[in-house]
Amino acid sequence: MASERDYRSISPWTAEFVDPDIEAAFRADIEPAWARATHLALMVAALVFFVFTITDYLNMGASGQYGIVFFTRLAVSLFGLAAAFSARRFAAQLVNGMIPSVVVFTALCAFVLIIPYRPFSPGWHGMSMMAMLLGVYVFVPNRFALSIGMGLLGTAGFLWQVLTHFDMAANFVFTLLLLMAVINLLGGITVYRFNKMLREQFCTASTLREANERLSSEISARQRLEVELREMALRDDLTGAANRRQFFDQAERELVGTRRQGQSVCLLLLDIDHFRQINDRYGHVRSDEVLRTLMQTSRGWLQGTEWLARVGGEEFAVLLPGVGLSDALERAERLRQLLEQTPVNLVDATLYFTVSIGVAEAQAGDSLGMLMRRADSALHAAKQAGRNRVMSSGLVTA
Ligand SMILES: Nc1nc2c(ncn2[C@@H]2O[C@H](COP(=O)(O)OP(=O)(O)OP(=O)(O)O)[C@@H](O)[C@H]2O)c(=O)[nH]1
C-alpha cells in the first residue's frame, strides 16, 4: 500500500499520479461511476451529432452532398451508440480514456471532413467547431493530456480545412484563431483542474480509508487480546483446565439451570493422593506432569458439555448436570480406575498415581457452596478411609 506522500505526487504536466500503481488504483476506484456516466454521455453526444442532420437538410435540401453528410453523421452516431453500450463491458478502456478518445476522434475527423460539403460560411463552421471542442473537453474528462491533444489536433484539422476551402480576410482568420485558442485554453484549464481535483479527492478518501482500516485492525487486535486475556483469566496455565474462578462462575449457573428443569446434579471433587510425596521424590517441576496427565486422561472421560476445573493445587472438580447419585458414583469410579492405570511419563522415569473422589448430589435449595462442602466432606472421608477410592455420604465404592 502506498504511503501518504506518494499519494500527493500528482504530475504538474498531466494532472495524473506520478506512481502508475496509484493511478491504476484511482482509475479502478472511479470505474463503476465512470462507466455509468460515459454510457449516458456517449448516447447524448451521438444523438446530438445526428440531430444536426435536420439543420443540414434545411440548408442543403435532398442533394447528393446532403447524402454524404447524412451518412457520415449516421455512421459516427451509430459508432457513438455502440461505444456507449460497450462502455460497461470495456470499463478499463473507458477509464484510461481510450473509448471516449476514439469516439471523439472519429467525430472530429467526420466533422472536419464534411466541412467542404456543408454550404455554410466559415464563421458558421467556426461556431460548430467550438461546439465540437466543448464535446472534446466534456467527453474525455479524466485524461488531461488526451483532451488537450484531441482539442489541438481537431483545431489544426479544422483550420486546415477552412483555410483550404474558404477565402478569408486576415483579420477574420486571426479572430478565428484567437477564438479556437481561447476555447482550447479554457477547456484545457477546466479539464486540468477537474483531473487534479478528482485525484486529490481520491487522496483524501484513500488516506481516510487507510486510517479507518488501521483503526479497525487495531480494534480487532484489541478485541482479540481482550478475549485472550479473559480466557487467560479463566484458565489454569499448567493444565489448560478451567480455573477456580471460572468454575464458581459457570457451575453456579449450571447448577441453578439444571435444578430449575427438575433434573439431578452431582458434583465430583477429586484430589491426588500423597502428592506431597510425589513432589518430594520427583521435584515440583517434574511432578507438574502428574497434573497434566490427570487433565488429559480426564478429558477423554468427560461426556457431552461436561468440563473439569482445577479448583486447588492438586484438587479438581466436575459438575455432572442431569446425573443422579448412583450414576455419578459409577462414573467417578470409572475415572478413578482410569487414572490409576495411566502412567505418567517423565524423561527418566514412569510413575503412577491415584486419586480420591468425593461425590455429592445437590439437594433442593442447595447453593454451589453447600454442594462443595458436602463433596469435600465425602472427599475427606475417602482420604480418611485410606485414599484411592470414591465416596459419597455413607457410600464407598472401592
Ligand atoms: N508439583 C506441584 N505441586 C503442587 C502444586 N500445587 C500444590 N502442590 C503440592 O501438592 C501438595 C499437597 O499436599 P497435601 O495437601 O499435604 O496433600 P497430599 O500430600 O496430596 O496428601 P493427601 O491429599 O492427604 O493424599 C503440596 O506438596 C503442594 O506443594 C502444583 O501446581 N504443582
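Biologist: Hi! Which strand is Asn243 found in?

Modeller: Asn243 sits in strand β1, which covers residues 242-243. Keep in mind that we're looking at a predicted model.

Biologist: And is Asn243 buried or exposed?

Modeller: Asn243 counts as buried because its relative accessible area is 15%, and the cut-off for buried is under 20%.

Biologist: What lies 2.7 Å from a polar atom of the Asn243 side chain?

Modeller: That would be the backbone oxygen of Ala233.

Biologist: Nice. Let's switch to the ligand. Which residues come nearest?

Modeller: There are 16 residues around the ligand, and the nearest are His274, Phe275, Asp288, Arg310 and Arg387.

Biologist: Which elements each supply at least two of the shell residues?

Modeller: Strand β2 (265-272) does, and so do the helices α10 (275-282) and α11 (284-301).

Biologist: Which one gives the most?

Modeller: α11 does, with four residues in the shell around the ligand.

Biologist: How far is the Arg387 side chain from an oxygen atom of the ligand?

Modeller: One of the polar side-chain atoms of Arg387 is 2.8 Å from a ligand oxygen. For Lys383, a side-chain N or O atom lies 2.9 Å from an oxygen atom of the ligand. With Asp271, the distance between a side-chain N or O atom and a ligand oxygen is 3.1 Å.

Biologist: What percentage of the ligand's accessible area does the protein cover?

Modeller: On its own the ligand has 660 Å² of accessible area, and the protein covers 71% of that.

Biologist: New topic: where does UniProt put the "transmembrane region" annotation?

Modeller: The unreviewed UniProt entry gives that annotation to residues 40-60, 66-85, 97-117, 145-163 and 169-192.

Biologist: What does the chain look like over residues 66-85, helix or strand?

Modeller: Residues 66-85 are 100% helix and 0% strand, with 28 Å between the end C-alpha atoms. Over residues 169-192, the chain is 96% helix and 0% strand, and the C-alpha atoms at the ends are 34 Å apart.

Biologist: Last one, cysteines. How many disulfides does the count come to?

Modeller: The count is zero disulfides, with the cut-off for a pair of cysteine sulfur atoms being within 2.5 Å.

Biologist: Then is Cys266 buried or exposed?

Modeller: Cys266 counts as buried, because its relative accessibility is 0%. Cys109, on the other hand, is partly exposed, at a relative accessible area of 30%.

Conventions: Residues are numbered from 1 along each chain as its sequence is written. This is a predicted model: local features need pLDDT of at least 70, side-chain atom pairs count only at pLDDT 80 or more; totals for chains, interfaces and linings use all residues. Side-chain values use heavy atoms; hydrogens and water are left out. A residue is near a molecule or strand if one of its heavy atoms lies within 4 Å of it. A polar contact is a pair of N or O atoms within 3.5 Å; within protein, one must be able to donate a hydrogen and the other to accept it, and residues adjacent in sequence count only if both atoms are side-chain atoms. Accessible areas come from the Shrake-Rupley method with a 1.4 Å probe; for residues, only the protein chains shown count as cover. UniProt positions are given in the numbering used here, feature names are shortened, and annotations may be inferred rather than shown by experiment. Buried means under 20% relative accessible area, exposed over 50%, partly exposed in between (1.4 Å probe, protein chains only).
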